[in-house]
Amino acid sequence: NDIGSIPPQSVWTMVRGDTASFKMYVQDDAGNPLTIADWNIDMDFYREGSTSNPILTVNPAADPDDGPGEFTVFLAYDQTEILETDDQFDIQISLMDNSIVWTVLQGKVKMIEDITD
């Protein structure tokens, strides 16, 4: 029997040197939105094929305009400058006591070169 599931897979397309963001929505098995304040949220980026040392770590959080179960992933312009196409990322949430640890998204970066200085 198979148990568990593959986290959703995504390709995040960004322009090098621009800010980039997206919203995530998480819910429990019954379909109720999670209380984001109860969870630690970590996001790591790795070069393709290496998961030993992240090239970038961010801590997404709920913004004031996020609804129940939502949080915002945000990268500043200087963070997108170090990323390359095919860098891998994942977002992991965990309860404060680590009794539940859950990878809610995995993906790869597609980087578009900036044209304007």
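**Exercise 1.** Classify Asp18 as buried, partly exposed or exposed.

*Solution.* Asp18 has a relative accessible area of 33%. Buried means under 20%, exposed over 50%, and partly exposed in between (1.4 Å probe, protein chains only). Asp18 is therefore partly exposed. The model is predicted, so local features need pLDDT of at least 70 and side-chain atom pairs pLDDT 80 or more, while totals for chains, interfaces and linings use all residues. Residues are numbered from 1 along each chain as its sequence is written, and side-chain values use heavy atoms, without hydrogens and water.

**Exercise 2.** Locate Asp18 and Asp78 in the secondary structure.

*Solution.* Helices (H or I, at least four residues) and strands (E, at least two) are DSSP runs, numbered from the N terminus. Asp18 belongs to the loop between strand 1 (9-15) and strand 2 (20-25). Asp78 lies in helix 1 (residues 77-80) and is partly exposed at 42% relative accessible area.

**Exercise 3.** Determine how the rings of Trp12 and Phe45 are arranged.

*Solution.* Rings of Phe, Tyr and Trp (its six-membered ring) pair if their centres lie within 6.5 Å; planes under 30 degrees apart count as stacked, over 60 as edge-to-face and the rest as tilted. The whole structure holds four aromatic pairs. For Trp12 and Phe45, the centres are 6.4 Å apart and the planes make an angle of 35°, a tilted pair. Trp12 lies in strand 1 and Phe45 in strand 3 (residues 39-46), so this pair ties together parts 33 residues apart in sequence. Trp12 is buried, with 8% relative accessible area, and Phe45 is buried at 0%.
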